[in-house]
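Dear colleague,

I am handing over the structure below, and my notes on what was found in it follow directly after.

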Amino acid sequence: MDLSDIAKRLDLSDSKQVVRRAAELRRLCDIQFDSSVIGVGEVCKAVICLEIAATRAGVLFDRQKAVKLSGMSEKAYTRSFNSLQNGLGVKNKLDVRELAIQFGCVRIIPFVHKGLSLYKTRFLASLLPSRRAGADFTRPVFVAVAFYLCAKKHKLKVDKIKLIELSGTSEAEFSSVSVSMKDLCFDVYGTEKEKKDPKEIKGNRELLDVLPEKRKLEDGGYSSDEGSEPSMYKKRKTMDKQAYESWKKTVVASNKQTKAKVLVYWVYSGIYVLLESFEKYRLHTKKDEDEKNLVSKRTVVKGVLLQQTIQAIVAIILFTVTGDDGAAAGVKHSLIDLARQFVTAMLVLDTWQYFMHRYMHHNKFLYKHIHSQHHRLVVPYAFGALYNHPVEGLLLDTIGGALSFLLSGMSPRASIFFFSFATIKTVDDHCGLWLPGNLFHVLFRNNTAYHDVHHQLYGSKYNFSQPFFVMWDRILGTYMPYSLDKRTGGGFEVRPVKEVKEI
């Protein structure tokens, strides 16, 4: 994946300087060492280079989105980030004064310096003389931990997570150094055990250090505090707002998909209901529909509505967990990519539904208690297409749809069109009408007559494929050819053209 594409997904495409710096770091990484040695793939390497460049440039960076894009766990990403940063020699350099200004704790500066000096002296004293020369106290984690412990002792609140990010270390290493400092320098970093009376500290102007936006020059602050740089609180609120907006877009996309499927289902099946009076196009007579079907149309409507409610809930959960319409909106897919995604989704859905459908026929328990509900419609009609047992709807339609969505790589927006198309095709397969000029009958061998064979007693163990192709029936020997003959009195009749054998 190109670096500019990754920058778009991380909302850094407008920061040209960051992208250029990240490209330089990536080339430097390729020259200096093999990143595969530390287990960093090309995409993850590009993401880390972008984070290093953004951090050093002071640009807001969404690490959660970066971790998701890298395909690694958060711990693995942090470990790779630190390894790559150390290998490139671009570790963050923390200055105590800058940290104090940034977090609004300027009065602890001398305590931090004193604590660092004391820790270095006592730590070296605890080492063997031969090991003292190799001790490295220049790493940012020591400054970050000393600053955090001093702030904690003086009852000043600082963002520990942000300190860990600024120091470029892991939470485990931060905690380890913290324990070491408290053990060796308890007289400096040890926290007070007694609570002070609020009346004693009321009005203390030094406590204004806690809130940079309330500290002014006349209170002992610095002019840099009043600049345009947003506070860490505001940055965190901005990132939280972005995460909420991304989640909101995901839920909206799932709602659109669900509403589109429901609307298409009832509108398209409603058209066929209006056409049912044309006996010359029916595959079964109206009398057969009333006598052979084992369930009332009112019950069918209730069952379909229940099915659609379950699918809506699962869709919202699926899109919330995996959807990222905000990132997808920034990437434009070509028509070739969309066509590839649609064909992939069709093949995945067909494969899943064929084997699950066939298994439900061959497992007596599943057929008796679950799948037989759908076969109560011996004479199918349009709005009965989704009349299934809730478990069958979950296994065949919901999970099958989720797999086709995930494996095809389509965006939530593209999935709206795909699942609307699949819904129309499913309704058409159950409509019970052979209309002239129907494109589904021309383009697909898996059509109304083909599926009608499966709903009859003689074809219940054939023609399992749905909703698009017939390839699995042909490959695995469950394909039953048929002829479409005109029926006396009007309409058509579907007849098998080979002797039915038990399989």
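Helices α9 and α10 are roughly antiparallel to each other (angles over 145 degrees count as such), because their axes cross at roughly 160°. The axes of α9 (residues 140-153) and α10 (residues 160-167) come within 9 Å, the axes being lines fitted to C-alpha atoms over the stretch in contact, with angles running from 0 to 180 degrees between N-to-C directions; helices are DSSP runs (H or I, at least four residues) numbered from the N terminus. P140, V141, A144, F147 and Y148 in α9 meet K160, L163 and S167 in α10, where contact means heavy atoms within 4.5 Å.

This is a predicted model, in which local features need pLDDT of at least 70 and side-chain atom pairs count only at pLDDT 80 or more, while totals for chains, interfaces and linings use all residues. Residues are numbered from 1 along each chain as its sequence is written, and side-chain values use heavy atoms, with hydrogens and water left out.

The protein averages a pLDDT (the predictor's confidence in each residue, from 0 to 100) of 79, and 79% of the residues score at least 70. Please treat one stretch with care: over residues 192-233 the pLDDT is below 50, although this stretch has 44 contacts in the model beyond near neighbours in sequence.

Elsewhere, helix α23 (residues 448-455) holds H451, which is buried at a relative accessible area of 1% (buried means under 20%, with a 1.4 Å probe and protein chains only). Apart from neighbours within four places in sequence, H451 is in contact with H374, D429, H430 and Q466.

Best regards

Definitions and conventions: Helix = DSSP H or I, 4+ residues; strand = E, 2+ residues; numbered from the N terminus. Parallel < 35°, antiparallel > 145°, perpendicular 65-115°, else oblique. Buried < 20%, exposed > 50% of the residue type's maximum accessible area, 1.4 Å probe, protein only.
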